[in-house]
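Reader: I would like a close look at one part of this model, beginning with a single residue and then moving on to the surroundings that can be described with some care. Please take it step by step.

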Amino acid sequence: MKTVRTVLIQTPCYELNDDRLEPPLGLLYLATWANHHGHDVSMVDLSSVPAEEWRDRIPPADVYGFTTYTTTYARTLSVLQVARQVNPAAWTVAGGPHASALPDVVARDFDTVVAGEGEAALLDVLDLVRAGLQPPPVIHGRPIDDLDTIPPPDYSLADIGSYRRVVDGQPSLSVLSARGCPYQCVFCNSTVMGPRRSVRFRSAEHVVEEIRNLKEEWGIQAIRFQDDTFTLNTPRLRRMTELLACEPISYRCFGRVDRCRPETTELLARGGCRHISFGVESGSDEILRRMRKGQTANDIRRGIANAKAAGLVTRVFLIVGFPGESWDTVQETVDLMLECQPDEFAAYPLIPYPGTALFRDPGAFGITQVNPDFTQYFQVRRDRGTGCVMTCSGLDPDEIAAMRIHVIDSLEPSITWAGDSRAHK
């Protein structure tokens with residue numbers, strides 16, 4: 001059977017303040033999985049690499065795979081052109097959030113699109129190519145139920161020394177301990193990667209073994225958990241905390257305020273958590289209800305208070321401009337944050353990303369116009385720039401931008417802008 005060389009490519013995003021914080025975890029998982037099953041897969045991370053150097057960085061291959069994001073999809077097509085110049089006969093594959101949200105559209109540009117989780121689907125593609133057969137234009141990924149059967153990412157595929165993510169002031173790498181989210185926030189596109197409400201957890205033992213290996217092989221003393229919500233499974237958190245007590249590590253994670261009871265935050269702190277981020281979004285109960293966020297202003301008060309009482313650094317993410325937003329609801333957000341005093345914050349305009357309920361049926365939410373230029377769909381770009389891309393009843397992009405500036409100007413004297421944090425990048 002012939003050898004099929006595969007190269008997975010990460011597209012650069014020059015618009016960010018730092019495009020090289022950490023290796024692309026999704027591509028590392030795919031490459032490691034495929035190599036584990038007998039294929040020859042490498043990775044090229046073009047993050048921060050100038051366009052004139054792409055050709056030198058992309059080696060000859062039989063298959064080129066790309067992870068796609070909405071804001072950088074146009075640039076991905078430019079990288080694709082370069083890869084096709086290197087080998088015009090190569091089979092091209094697209095996956096990731098953008099391709100998963102719009103598979104039939106992306107299939108016009110690539111030979112095959114993988115929608116959803118990619119491990120099993122990538123093996124299908126590579127097995128067919130190796131057999132001399134043509135993969136279909138769209139393959140829907142099959143989620144792997146037992147995450148402990150997936151080998152941890154092989155970081156030797158990346159240039160670890162070139163990345164700049166820090167946690168608690170120390171160089172860090174990311175760990176994914178669960179996949180999926182049970183919530184139904186209408187602005188979130190994470191569900192395009194798997195069935196809604198399908199949440200799977202790695203065992204605490206499997207996660208801590210990966211952390212132990214990262215410490216031994218790479219000298220890593222700090223971790224960033226990439227789970228949508230790290231605090232979903234309390235029994236597992238208890239066990240993980242017990243194991244981490246014997247494996248000292250600093251970490252940061254994402255949580256939900258309604259899941260941050262005193263026991264939860266105390267477990268986090270005891271296990272080495274130093275920083276937790278919350279999707280607060282709004283201080284208005286009415287806006288939170290419209291978002292289908294599943295939390296209230298009182299949940300926000302309690303969750304932040306519990307995290308701070310446990311000694312955790314707290315970061316909040318805020319969304320401005322959801323349909324129904326007014327200057328009164330924006331002020332509710334400002335007032336609640338001034339009351340709760342989280343340590344760090346970031347404020348974004350609402351963006352109806354492909355794959356979200358807002359994108360599928362904007363009229364149902366009162367959205368009357370959406371900018372079709374995906375290159376503008378940035379929550380935060382360099383120097384706090386952003387993209388205000390929609391109009392809804394009573395709100396246009398200029399007013400949404402003004403609301404966001406009001407939030408930033410009101411909070412920044414007492415709360416640090418997240419991008420200015422020195423200890424947690």
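Author: In this predicted model, S47 has a relative accessibility of 5% and therefore counts as buried, since the cut-off for that word is under 20%. S47 is placed in the loop between β2 (40-45) and α2 (54-57), and, when its neighbours within four places in sequence are left aside, S47 is in contact with Q10, T11, P12, D19 and R20.

From there one can turn to E15, which at 24% relative accessibility counts as partly exposed. The side chain of E15 meets that of R75 in a salt bridge, at 2.8 Å from N to O; because R75 lies in helix α3 (residues 73-86) and E15 in the loop between β1 (5-10) and α1 (25-36), this pair ties together parts that are 60 residues apart in sequence.

A further salt bridge joins the side chains of E247 and K215, at 3.3 Å from N to O. Here E247 belongs to the loop between α8 (234-244) and β12 (250-255) while K215 belongs to helix α7, so the pair ties together parts that are 32 residues apart in sequence, and both E247 and K215 are buried.

Within helix α11, D299 and R302 lie three residues apart, about one turn of the helix, and they form a salt bridge whose closest N and O atoms are 2.9 Å apart. D299 counts as buried at 16% relative accessibility, whereas R302, with a relative accessible area of 48%, is partly exposed.

Conventions
Residues numbered from 1 in each chain as written. Predicted model: local features only at pLDDT ≥ 70, side-chain atom pairs only at ≥ 80, totals over all residues. Heavy atoms only, no water. Helix = DSSP H or I, 4+ residues; strand = E, 2+ residues; numbered from the N terminus. Buried < 20%, exposed > 50% of the residue type's maximum accessible area, 1.4 Å probe, protein only. Contact = heavy atoms within 4.5 Å. Salt bridge = Lys/Arg side-chain N within 4 Å of Asp/Glu carboxyl O.
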